[in-house]
Amino acid sequence: MTVKVGDELPVLVKQPTTRQLVQYAGAQGDFYEIHYDQDYARGVGLPGVILHGLLKAGFLGQLVTDWLGDRGTLKSFEVSYRGVDMPGHAYACKGRVTRVDGNDVELEVWGEDEAGKRTTVGTATVEMHA
Amino acid sequence: MSAVASVIDRLRARIGVEGEPVTGVVEAGHVKRFAQAIGDPNPRWEKEAPPTFLVALAPVSLHLSEAEEYGRGWLNGGNRFDYLAPVRIGDRISARGKVADVYEKEGSSGNLLFIIFETNYVNQDGAPVARLRGTMIRR
């Protein structure tokens, strides 16, 4: 299957829960209270506990590796967190091919909240196997 | 000198100073729990580490208690990973981090302090496997 500019990655929809945030906190070793303690999160001005930025990066990493399979190698992956996301709300991961230069492929990836706002945006570069 | 300026000066003095290397083995059980936490069932993670796993192996931001004198909370601004070689289960990875930059910026609801961290990961053969650049924000 040839990769071409404009190709869309199959959408990956996540349904994060507070339980998942605790699970992720343990797996990464990030115990910052804003991810599991509602009072603490509100105390620092957040609407409640929020998803770890790196959990959202993990979702987008899954989006890319699911699409890529064993057709190529991930060379770089970059994400910016533009907004907070809360458990109990669907989080849709999307992406598309923005550049193809021989075996080098560039992707635009992003995560959307339920209102369609891109709260995480990023890029990935992959080298397709010849 | 204001308290804020002094915090920023002290943090800026850390720019470029590398921390002690932190070494960890990429354990099958740890990678499995990490992939499960993301909800990623790809059987590939039985043999290698998923793209963001290295953040679980060593602290990604040096503990800068001084920075906590600024603002009231941390925000993650972004992460960039560069992959140089595969990270497989059983690899012994050394991570070495440093502060790459510190600067203050005006935000829509007050000033923000940006701290850029860089971590280099090397495997048991001394081969660089990845670089991570992270932007942490105090607000």
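In what order do the elements of chain A run from the N terminus on? The elements run β-α-α-α-β-β-β-β, where helices (H or I, at least four residues) and strands (E, at least two) are DSSP runs numbered from the N terminus. The model is predicted: local features need pLDDT of at least 70 and side-chain atom pairs count only at pLDDT 80 or more, while totals for chains, interfaces and linings use all residues. Residues are numbered from 1 along each chain as its sequence is written, and chains are lettered from A and ligands numbered from 1 in the order in which they are written.

The secondary structure of chain A comes to three helices and five strands. The C-alpha trace of chain A spans about 50 × 30 × 20 Å along its principal axes. Of its 130 residues, 35% count as buried; a residue is buried if 20 or more other C-beta atoms lie within 10 Å of its own, exposed if 12 or fewer, and partly exposed in between, with C-beta atoms placed from the backbone. Among contacts in chain A with a separation of 6 or more, 62% are between residues 24 or more positions apart. Two residues are in contact if their C-beta atoms, placed from the backbone, lie within 7 Å.

In helix 1 of chain A (residues 18–28), the buried residues are A:Leu21, A:Tyr24, A:Ala27 and A:Gln28. These residues lie on the same side of helix 1 of chain A because they cover an arc of only 130 degrees around the axis, the arc being that of the directions from the helix axis to the C-beta atoms. An α-helix has 3.6 residues a turn, so residues three or four places apart point the same way. The cover over the buried residues of helix 1 of chain A includes helix 3 (53–68) of chain A and helix 2 of chain B. A:Gly29, with a positive phi near 85 degrees, follows helix 1 of chain A.

Helix 3 of chain A contains A:Leu60. A:Leu60 is buried, since 26 other C-beta atoms lie within 10 Å. Neighbours within four places in sequence aside, A:Leu60 is in contact with A:Val79, A:Cys93, A:Val109, A:Gly111, A:Thr120 and A:Gly122. A:Arg99, 39 residues from A:Leu60 in sequence, is 18 Å from A:Leu60 in space, C-alpha to C-alpha.

The contact between the chains takes 28 residues from chain A and 23 residues from chain B. On the side of chain B that touches chain A, helix 2 (28–38) and strand 2 of chain B each supply at least two residues. Strand 2 of chain B gives the largest share, nine residues. By type, the residues of this side are ten nonpolar, eight polar and five charged; Ala, Val, Leu, Ile, Met, Phe, Trp, Tyr, Cys and Pro count as nonpolar, Asp, Glu, Lys and Arg as charged, and the others, Gly among them, as polar. A:Val79 has B:Asn79 as its bridge partner in strand 2 of chain B.

Within chain B, strand 2 (residues 74–83) runs antiparallel to strand 5 (residues 128–138), with nine bridges joining them. Strands 4 and 5 of chain B form a hairpin with five residues between them, and B:Gly126 in the turn has a positive phi of about 85 degrees.

Terms used. Two strands pair if DSSP finds at least two bridges between them.
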